[in-house]
Amino acid sequence: MDFETIKLKESFDGQVVELTLNTPPANILSAAMMGEISAFMRQQLDNAKLKLIIFKGEGENFCFGAAVEEHTSDEVGDMLPGFHKMIGEILEHPVPTLAQVSGFCLGGGFELALACSFIAADEKAKFAVPEIQLGVFPPVAAALLPHLANNAVAARMILTGARLSALELKDAGVVAFVAAKDDLQATVDSLIENDVIPKSASSLRFAHHAFRMSTIRRYRGLIDDLEKLYLDELMKTHDANEGIESFLEKRSPVWTNN
């Protein structure tokens, strides 16, 4: 299958695959890109020698998030379930995953990174779920952040849209590795060479399944209700639609508080 929004690169004799979000500078998670990521993840289910899938962003940034124009009331009913399906496929994939983050990692891009087994970031990386600024909320982060981070960090990010550094999220237990900007690739390569490649691929999958079990159960137990809350209740309010429309029209929102 040929991909248009992502590019792939094998390394370590096919034991590692890099998936690069390839629509710089923002690497927006469009519905088309989500579909391609899902298709790739399904392709790799039976790749017996694969030990790690790495997500990267082309250029200076990891990802600015999902396409805001696909959050309008006309399109969000199709986009959001597709996004949640893709996140579930990453969470439940038997092969460990790593988000290699430089630059901005925002919104749905941060939620994609949260779905990975590891996050490795350079010290200049910035993370946020700014959806509240548009009058909406991030369902995946609402499911995963209180489970993966401390409550104070989850509250700041989801309720205020706070932008946090890689070091702040390392302290919160979300980011596994932080490197100097020019050293991130070497840090990831060292992890692969010393801690991934020497392992049995089949044993890694069993360990990964065991490690992910509680996170998957939490996600599956919450995401349908969060999706319903978003689509059936939030998107019927004036302010949710006003937030999206004002962003697209490049103006300040006029809230009515309902």
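Ala, Val, Leu, Ile, Met, Phe, Trp, Tyr, Cys and Pro count here as nonpolar, Asp, Glu, Lys and Arg as charged, and the others, Gly among them, as polar. By these classes, 9 nonpolar, 3 polar and 1 charged residues line the second largest pocket. The model is predicted, with local features needing pLDDT of at least 70 and side-chain atom pairs counting only at pLDDT 80 or more, while totals for chains, interfaces and linings use all residues. Residues are numbered from 1 along each chain as its sequence is written, and side-chain values use heavy atoms, without hydrogens and water.

A pocket is an open set of points, on a 1 Å grid over the protein atoms alone, where a 1.4 Å probe fits, with protein on both sides within 12 Å along at least five of seven lines; lining residues have an atom within 4 Å of a point. The second largest pocket has 13 lining residues, and C116, S117, L148, V174 and F211 lie nearest its centre. Two or more lining residues each come from α3 (108-115), β6 (118-122) and α8 (201-233); α8 gives the largest share, 3 residues. Helices (H or I, at least four residues) and strands (E, at least two) are DSSP runs, numbered from the N terminus.

The largest pocket is lined by 17 residues, with F64, V68, P130, L134 and F247 nearest its centre. Its lining has 10 nonpolar, 5 polar and 2 charged residues.

Helix α9 covers residues 238-248. At the helix start, a side-chain oxygen of T237 comes to within 3.3 Å of the backbone nitrogen of A240. K250 follows α9 and has a positive phi, near 55 degrees.

Terms used
Buried means under 20% relative accessible area, exposed over 50%, partly exposed in between (1.4 Å probe, protein chains only). A polar contact is a pair of N or O atoms within 3.5 Å; within protein, one must be able to donate a hydrogen and the other to accept it, and residues adjacent in sequence count only if both atoms are side-chain atoms.
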